[in-house]
Amino acid sequence: MTSRTPATATGARGSAFAGASGGDPSGIRDEPTRPQDATANGLGSGSVPVTGITVTRHLAAAERHASLTADVRAGLTANPRELPPKWFYDATGSLLFDRITRLPEYYPTRREHAVLAANAARIATACPATTLIELGSGTSEKTRLLLDALRNAGVLRRFVPFDVDEETLLRAGQEILRSYPGTSVHAVVGDFERHLAFLPGSASGDSGSAGGVAADRRLVAFLGGTIGNLRPETRGTFLRALRDQFHDGDALLLGTDLVKDPARLVAAYDDSAGVTAAFNRNVLSVINRELDADFDLRGFAHVAAWDPENSWIEMRLRSVREQEVSVRALGLVTRFGADEQMRTEISAKFTLEGIRAELAAAGLGTSAQWTDPDGDFALTLAVPA
Ligand SMILES: C[S@@+](CC[C@H](N)C(=O)[O-])C[C@H]1O[C@@H](n2cnc3c(N)ncnc32)[C@H](O)[C@@H]1O
């Protein structure tokens with residue numbers, strides 16, 4: 001990956017990365033077994049230090065560049081314009097998201113933490129998984145509650161964090177490795193919309209399965225309400241792809257934000273300290289750096305709005321004046337009109353019945369559902385129907 005900023009990420013990150021320090025990345029064991037990740041280690045002097053972690057890269061530098069290029073070309077030439085939220089998350093974007101999770105207005109992380117804390121032991125009993133896979137893992141902070149529960153149940157053998165942001169992924173993986181001796185960590189740098197077929201333990205994934213029979217039992221955690229960043233039809237495709245990878249005994253633990261007072265929802269995405277605004281604009285920094293563009297970040301204002309018809313929050317960037325932007329890597333010059341808005345994220349909000357229905361449509365049966373006492377956030381445990 002290009003232009004990493006490890007000093008920023010290491011220095012400013014909170015407790016999740018407390019132990020990270022400089023060093024030799026040679027301890028990484030790559031698994032160049034498929035075309036996508038057949039590139040060499042790819043970690044240069046700006047790489048994060050990890051030791052003892054197995055890493056599979058489906059999004060090495062060339063693949064990431066191709067994917068970003070395609071998304072930005074399509075998004076900037078669409079009407080209305082739209083960029084996929086996955087490109088918020090370079091090291092700075094992940095750092096900003098981590099700050100968002102600690103803001104007074106941003107209730108989802110605290111609520112999900114509460115639901116996990118109250119039910120982690122039940123989840124481990126219902127699905128005594130040897131492998132915990134976490135999609136969109138980020139810093140994996142809340143995930144420790146699940147790791148603790150599976151360890152206490154005496155079953156945990158492996159943790160598989162899976163994320164597009166390699167730097168955050170590897171730092172978090174290293175922290176987990178330190179905290180859970182005896183548990184192996186297999187980090188997957190990938191896009192959960194494209195690389196689910198290669199989940200460790202699935203038929204095409206790795207040695208974790210043999211002859212179509214699961215060698216280990218897997219719990220796939222998809223937390224943080226991240227599934228809400230996908231449109232309904234994409235969610236269906238994603239859930240069916242995940243279901244296709246499941247063996248008997250595997251389970252999905254899905255974290256979803258629930259419909260509530262729109263004022264609270266909008267505040268959670270438009271905090272008074274402006275952290276979400278900086279996070280939103282970070283996608284422009286990523287494009288500037290990786291595609292040689294010249295977005296003026298001061299020329300775009302943060303917008304958060306509730307769409308009751310679609311039951312989702314939209315984040316947009318509003319061009320504060322008429323302006324021209326060139327993206328040199330694409331050979332693209334484009335004009336934004338004054339007040340033109342470009343969508344950068346949707347975050348769908350769910351009902352308990354709606355979640356069960358979407359899972360059922362993908363061949364997944366709900367075996368348990370929990371919320372926090374105020375009914376703000378839900379965790380749903382689902383198994384192959
Ligand atoms: C909203 S954050 C949630 C982080 C963490 N799971 C939590 O609950 O706090 C979304 C995470 O998913 C990752 N992500 C977003 N889109 C992704 C994609 N298409 N494939 C893999 N990871 C993705 C981001 O890098 C980020 O770490």
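Asp 163 is found in strand β4, which covers residues 158–163. The model is a predicted one.

**Asp 163**
- Asp 163 counts as buried because 28 C-beta neighbours lie inside 10 Å, and the cut-off for a buried residue is 20 or more.
- Beyond its neighbours within four places in sequence, Asp 163 is in contact with Gly 136, Ser 137, Gly 138, Thr 168 and Leu 169.

**Gly 136**
- Gly 136 is found in the loop between β3 (131–135) and α5 (143–152).
- Gly 136 is buried because 21 other C-beta atoms lie within 10 Å.
- Not counting residues up to four places away in sequence, Gly 136 touches Asp 163, Phe 192, Phe 222, Gly 224 and Thr 226.

**Ligand and annotation**
- The ligand is surrounded by 19 residues, of which the closest are Lys 86, Tyr 89, Gly 136, Gly 138 and Gly 224.
- The shell around the ligand consists of 5 nonpolar, 8 polar and 6 charged residues.
- According to an unreviewed UniProt entry, the feature "binding site" is placed at Gly 136, Lys 142, Asp 163, Asp 191 and Phe 192.

**Nonpolar core**
- The largest nonpolar core has 93 residues, and Leu 132, Leu 146, Leu 252 and Leu 253 touch the most other members.
- At least three residues of this core come from each of domain 1 (1–17 + 50–284 + 351–385) and domain 2 (285–348).
- Leaving aside neighbours within four places in sequence, Leu 146 is in contact with Leu 116, Ala 120, Ile 123, Leu 132 and Ala 221.
- In soluble globular proteins, nonpolar side chains tend to be buried together.

Methods. Residues are numbered from 1 along each chain as its sequence is written. This is a predicted model: local features need pLDDT of at least 70, side-chain atom pairs count only at pLDDT 80 or more; totals for chains, interfaces and linings use all residues. A nonpolar core is a set of buried Ala, Val, Leu, Ile, Met, Phe, Trp, Tyr and Cys residues joined through C-beta atoms within 7 Å. A residue is buried if 20 or more other C-beta atoms lie within 10 Å of its own, exposed if 12 or fewer, and partly exposed in between; C-beta atoms are placed from the backbone. Domain bounds come from an automatic or database domain assignment. Two residues are in contact if their C-beta atoms, placed from the backbone, lie within 7 Å. A residue is near a molecule or strand if its C-beta atom, placed from the backbone, lies within 6 Å of it. Ala, Val, Leu, Ile, Met, Phe, Trp, Tyr, Cys and Pro count as nonpolar, Asp, Glu, Lys and Arg as charged, and the others, Gly among them, as polar. UniProt positions are given in the numbering used here, feature names are shortened, and annotations may be inferred rather than shown by experiment. Helices (H or I, at least four residues) and strands (E, at least two) are DSSP runs, numbered from the N terminus.
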